[in-house]
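Have the viewer open as you read.

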Amino acid sequence: LEAKEPVAPTLIAETLKRLTQKNIQNSDELAKALDKLLANSLTTDPRRYLELVERFRPSGKEQQLLELAFKNEAMHVRAHAAGLLLRLGATELLEKTLAGKDVQLAKKLATAIGRSNESLGGPILIGLAKNDKATHEIRENAIVGAAMTRAGALELLDSVEKEEIAVSLRF
């Protein structure tokens with residue numbers, strides 16, 4: 001399975017779609033083909049990349065997913081990447097990035113998590129909104145992101161009633 005012609009990545013992707021995660025795990029050749037296709041798709045076709053990572057769950061792709069969640073131009077790609085990180089259990093990586101020093105990155109990531117519509121994102125965003133050490137701007141984006149899901153909105157209301165959210169953030 002080599003990608004030597006322009007049509008080859010599509011052919012390889014279609015072939016891999018007919019396989020299971022177990023097929024990939026049991027074949028070094030198929031695993032290499034998947035890795036090559038993922039490397040190619042990351043920059044040329046992020047939607048395909050996300051579909052393949054979601055289907056086959058290869059290990060070690062969390063950092064690439066994180067970069068897609070805040071660098072990609074298309075919001076649906078950023079949201080899908082953030083949602084996939086949540087479903088893969090990469091909450092620690094998300095929390096660390098949200099708490100980092102890069103305000104713009106944290107804002108984009110908080111929005112992507114909210115837009116993912118994953119209920120798993122609510123607690124992360126609510127926790128960030130309650131974090132007095134985070135900047136006002138990041139906390140504000142976390143609130144907007146959390147409010148994008150019903151569960152997040154209800155939890156926000158509960159937090160406001162309990163006065164766990166700063167008065168300056170209640171809008």
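Which residues of the largest nonpolar core touch the most other members? They are Leu16, Leu50, Leu94, Leu98 and Ile113, out of 47 residues in that core. Here a nonpolar core is a set of buried Ala, Val, Leu, Ile, Met, Phe, Trp, Tyr and Cys residues joined through side-chain atoms within 4.5 Å, and buried means under 20% relative accessible area, with a 1.4 Å probe and protein chains only.

A quick word on the ground rules: this is a predicted model, where local features need pLDDT of at least 70 and side-chain atom pairs count only at pLDDT 80 or more, while totals for chains, interfaces and linings use all residues. Residues are numbered from 1 along each chain as its sequence is written, and side-chain values use heavy atoms, leaving out hydrogens and water.

Back to Leu16: apart from neighbours within four places in sequence, leucine 16 is in contact (heavy atoms within 4.5 Å) with Ile24, Leu30, Leu34, Leu37, Arg55 and Phe56.

Now for a helix pair. Helix α4 (residues 46-56) packs against helix α6 (residues 75-87) at about 15°, axes 10 Å apart; the axes are lines fitted to C-alpha atoms over the stretch in contact, with angles from 0 to 180 degrees between N-to-C directions. Helices are DSSP runs (H or I, at least four residues), numbered from the N terminus. The two are therefore roughly parallel, a label for angles under 35 degrees. On the α4 side, the contact is made by Pro46, Arg47, Leu50, Val53 and Glu54, and on the α6 side by His76, Val77, His80, Ala81, Leu84 and Arg87.

Note on methods:
Angles under 35 degrees count as roughly parallel, over 145 as roughly antiparallel, 65 to 115 as roughly perpendicular and the rest as oblique. Buried means under 20% relative accessible area, exposed over 50%, partly exposed in between (1.4 Å probe, protein chains only).
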